[in-house]
Each structure stands twice: as structure tokens, then as C-alpha cells.
Amino acid sequence: MSRIYHDSALRNKAVRSAQLSGAWDPAAHQGGNGVLVEGELVDVSRHSIVDANDRKERYYVLYIRPGRIHRRRFDLKRKEIEPNFSATRKVNTGFLISSYKVEAKGDSDLLTPEALKGLVNKPELLRLTESLTPDQTVAFWMPEAEMEAMEVELGAVRLKTQGDGPFLDSLAKLEAGTVTKCNFAGDRKTGASWTDNIMAQKSSQGAAAETREQGDGAEDEEWDD
């Protein structure tokens, strides 16, 4: 067993049963590139699903209070690449070295919590979880079989979704903004991905930018933060 998370109280949650009038089809909610979210795991619930075809599935639902949210990006070969983490640049506006403006560098992949909900909340799934969802959280689904290889603990996490829906592709535990342990639900063999380092670096880069002297001007026409 991968000792990623641990909390017996969460694992012992009662299972809620639901009988669906239609087919259970998670793939129907997985169009698009998906999202990358850092936030706080607040609670979980357990669900047993039986659909109209007598298909039976069991899931954990993780209730996440989102912090940083970005769209996932892929190249033409469907290899994941780094999103635009709201990067900015300074551009000279005059002859004085201190005359500059800050503008966005490319199209940001940053999302608001409201935009996240618009992407991942699906009415037929909300009917099963809405009454259980704590304030300011979003519900994400993971099969029980995958959760059985993990141990669950409340706190800071990073996740990726399978397309623009609530089903998880990967889940990682964070400590002080750094990945300590992870479970790549959709691709276990690949191990750590670029997000392990990239996301952690963003905070330190931002802190370094704050210490730059106010008198620093543009040595060229523009430069990156």
C-alpha cells in the first residue's frame, strides 16, 4: 500500500447508495484539457452507484477548497506542457529607467473558483453531492479501487482532473507548497511530472521578484518578471 494519506475517520465514512435512472458514464464528463488545482482537502464522502444497466461502481468524493487554479495544457502530441501561470512582463513606457508598465505575457490559464465550478460541476453528479459539500469547496471524484491504495488525510493537496469534469487524474499531498508524496491515478508508471517542481517554484519566484529594488529599470525594451 502506498502510504500517501492517512485518516481512519475519513476511511470509515458511511457509504451512500444511489440508484440511477440512466447509464453511469464518467467519460461523458471528461471532454477538454482539464484543470490543475492546489487547495485544501476539507472532507470526503463515499458513494455506491448502481445504474440502469445494473452496473455497480464505488467512489470517494473529495471536497476541495480551491486556492490556485489553472487550465491544463497539452501540445499537438497530447504531451502535457506547462500552463501560463499568469506570467507578466515589464515594458518601458518612456526614457526614464523607472518608467514601465506591467502587462500580461500571453493568455493566462488562471481560473477563478467560479470558472472552476462552471467546468467541473455536472448536474447529475451534483444531485449526489450538493447537500454534502462544505462551503467554498468543490467535489472531485475518485474510484474506490484507486483510493484503496492510498490513505487519506485532510490538508493541502494538488490535483489534476481528467478533462473538464470532476474525475481525478492525479492527486498529491503538499507540505509548505512542495509535493511530498503523490499518486498519479491516470499514469502511475510515469512517476513525478513537471508540476512537482514548476508549481513549487512559482512561490519562490514571486518572493524574489518582491525584493527587486525599485530603481531597477528595463535594460532592454522588456523583460520577464
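Tutor: Let us start with a cut-off: buried means under 20% relative accessible area, and exposed means over 50%. Please keep in mind throughout that this is a predicted model.

Student: Why is tryptophan 141 called buried?

Tutor: Tryptophan 141 has a relative accessible area of 1%, and since buried means under 20%, tryptophan 141 is classed as buried.

Student: What makes phenylalanine 167 count as buried?

Tutor: The relative accessibility of phenylalanine 167 is 4%, which is to be set against the limit of under 20%, and therefore phenylalanine 167 counts as buried.

Student: Why is the pair of tryptophan 24 and phenylalanine 167 called edge-to-face?

Tutor: Ring centres must lie within 6.5 Å for a pair, and planes over 60 degrees apart count as edge-to-face. The centres of these two rings are 6.0 Å apart and the planes stand at 75 degrees, so the pair of tryptophan 24 and phenylalanine 167 is edge-to-face. Tryptophan 24 belongs to the loop between β1 (15-19) and β2 (35-50), and phenylalanine 167 to the loop between β9 (155-161) and β10 (168-175), so the pair ties together parts that are 143 residues apart in sequence. Tryptophan 24 and phenylalanine 167 are both buried.

Student: What makes the pair of tryptophan 141 and phenylalanine 167 tilted?

Tutor: Planes under 30 degrees apart count as stacked and over 60 as edge-to-face, with the rest called tilted; for tryptophan 141 and phenylalanine 167 the angle between the planes is 45 degrees, at 6.1 Å centre to centre, and the pair is tilted. Tryptophan 141 lies in strand β8 (residues 138-143), whereas phenylalanine 167 is in the loop between β9 and β10, so here the parts tied together are 26 residues apart in sequence. Trp24, Tyr59, Trp141 and Phe167 form one aromatic cluster, and the count of aromatic pairs comes to six.

Student: How do you know that valine 35 is buried, and what does valine 35 touch?

Tutor: Valine 35, which is placed in strand β2, has a relative accessibility of 0%, and as the limit is under 20%, valine 35 counts as buried. Leaving out residues up to four places away in sequence, valine 35 touches several residues, among them Leu111, Leu116, Leu119, Val120 and Leu159. The C-alpha atoms of valine 35 and leucine 159 are separated by 8.1 Å, although these residues are 124 residues apart along the chain.

Student: How do you know that the buried residues of α2 line one face of the helix?

Tutor: In α2, Leu116, Leu119 and Val120 are buried. Viewed down the helix axis, the buried residues of α2 fall within an arc of 80 degrees, so they line one face of the helix. The buried residues of α2 pack against β2, β3 and β8, while Glu114 and Gly118, on the other side of α2, are exposed.

Student: What makes glutamine 136 exposed?

Tutor: Glutamine 136 lies in the loop between α3 (123-129) and β8, and with 60% relative accessibility, where exposed means over 50%, glutamine 136 counts as exposed. Glutamine 136 also has a positive phi of about 65 degrees although it is not a glycine.

Student: How is arginine 78 placed relative to phenylalanine 74?

Tutor: Arginine 78 lies over the face of phenylalanine 74, at 4.2 Å from the ring centre, and the place of arginine 78 is in the loop between β4 (73-74) and β5 (80-81).

Note on methods:
Residues are numbered from 1 along each chain as its sequence is written. This is a predicted model: local features need pLDDT of at least 70, side-chain atom pairs count only at pLDDT 80 or more; totals for chains, interfaces and linings use all residues. Side-chain values use heavy atoms; hydrogens and water are left out. Helices (H or I, at least four residues) and strands (E, at least two) are DSSP runs, numbered from the N terminus. Buried means under 20% relative accessible area, exposed over 50%, partly exposed in between (1.4 Å probe, protein chains only). A charge sits over a ring if NZ of Lys or CZ of Arg is within 6 Å of the ring centre and within 35 degrees of the ring normal. The arc is that of the directions from the helix axis to the C-beta atoms. Contact means heavy atoms within 4.5 Å.
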